[in-house]
Each structure stands twice: as C-alpha cells, then as structure tokens.
Amino acid sequence: MIRLLLLLALAWPGRAWAQEVPLVAALSQNAVEVTTGFTGTSLMVFGSTEGPIGPGGDEVLILARGPTRPVVVRRKVPVAGVIWVNGPSARFAEVPGFYFLGGTRPAWQVLPEEERQRNRLGLDSLPLTSTGARSPGFRAALLALESSSGLWQEDTAPIEIAGSRLFHARLPLPASVPTGDYQVEVLLVRSRQIVARQQLAFRVDRVGTADRIATVAEDQPFLYGLACILSAALAGWLGSVLFRRG
C-alpha cells in the first residue's frame, strides 16, 4: 500500500521535472492537532532520488527538529540518609523539544565526522550548553531523559527503499510532543558528501478543550492550580461517599 502511494504521488505531471533534480521529498501532512485524547501520531516523509539508493549508491538522511525551550536538570542528594532533596543543577538554554534522525544507514557511517558535527547529525552533536553545575553527568542525564520520553530519537528505524529510487520513513510523534513549528531536512549523500537537501515543515497545535486548558494554565496559573485542587478534593469526596454506601 505504501509503495502504491509513493508511486502515485511521484507519477504525476510534475514527475518529469522531479527527475531533473537529484532529490524530491514531501510530508504526508503539514499540521498535527493535539486534543485531550491525543496519544501520539506519526507523519510519513517520502520522496525520490535521481540515482539508485543503497549499497554502492546514494544514501538518504532525515533530520527533524522541534521548537527549543529551556530545561533544568537537577541531581537529587540524600539528607541524613532518609530523604532526598534537590541538589546541584544545570540549566540548558536551548534544548530541542523534539529531535529525530534516521537514514538508510547511520549518519556516522556515511559522512565524515566534521561534516556530521557541522550539520548536527546525531545526539552527540547537539550544542547543549549549560549554566550552573558543569559535570558531564548532567548532559548525559538530559540525553537519557529525552530519549526515554520518545522526544529524541536517533536511528530507531532505517529508511525504507522501494524500487531503488523511492524512499519513505515514519516520523513518530509521542503524546508529549510540544506544540510549535517543526523543521524537517532531507539530505542526499553521495561519496560521503551532502549533494542535495530539501527543507520541509509542519506545525503542531492544541485544539478544542486541550487548547483552552493549556491557555488557562499559562495565562492564569493560580486559577488553574486552584481548579486542580478543587477537582481532586471533589473526586476524593465522591469516592468516599460511594465506598461508604458500598
């Protein structure tokens, strides 16, 4: 089914023009709506190349990045061997809210190290500068936290090839994906050099009840917190009434 969609998408009147350039790519959609029942979704990145892809031919890399935000990583320290409290911390100013890198082969196998670092292809190439505690352990903890949440993904699944010149890949977005503008870059690698690239974009937005709740939480945090406390108290009271009757 996927191969059929790719063939139909590429075999249109613009196909003759598409074969004149080394790389053509597109997204299955350019908008993602987050509702209260959102559990995650995925987009498809697909396209074609002028030459064959695979062993002895071209390679394709897909890099996707979301909006940046500050993140504080804290280390818990024991007090009197009984309780744990917040200890030293490191503040990272511009942390990608989402990062995805996939390819027909891993980037470190198809590009020189300098080129890979210059294009920020790989989690180890992210310029995660911090203030506060300087231990490398804080950077490692940030990498582990973001990777375990599904927001940072590297080489989790290879790009699939169809007909030697068509490619497609799933771009998985977890339920916790942040809202904002996302940039997707498709790179064509030949003889260990990037010979073509195409920029794509999509946007993630909250809609409906989820958008109203998020707006109240950001604009009126006191009222939002009070509403949460009252809701929890009401739920507890109703539960005690029901169990008492039972």
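Q: What is the mean pLDDT of the protein chain?
A: This is a predicted model, in which local features need pLDDT of at least 70, side-chain atom pairs count only at pLDDT 80 or more, and totals for chains, interfaces and linings use all residues. Residues are numbered from 1 along each chain as its sequence is written, and side-chain values use heavy atoms, with hydrogens and water left out. pLDDT is the predictor's confidence in each residue, from 0 to 100. In the protein chain, 76% of residues reach 70 or more, and the mean is 83.

Q: In which helix is confidence lowest?
A: Helices here are DSSP runs of H or I with at least four residues, and strands are runs of E with at least two, numbered from the N terminus. Strand β4 (residues 59-65) has the highest confidence, at 97, while the lowest, a mean of 45, belongs to helix α2 (residues 15-18).

Q: What is the order of the open sheet of 4 strands?
A: Two strands pair if DSSP finds at least two bridges between them. The edge strands, β1 (23-27) and β10 (160-162), each pair on one side only. Pairing is antiparallel, and the order is β1-β3-β11-β10.

Q: Which residue in β11 is the bridge partner of Ile 161?
A: β10 and strand β11 (residues 166-173) pair in the antiparallel sense over 3 bridges. For Ile 161, the bridge partner in β11 is Phe 167.
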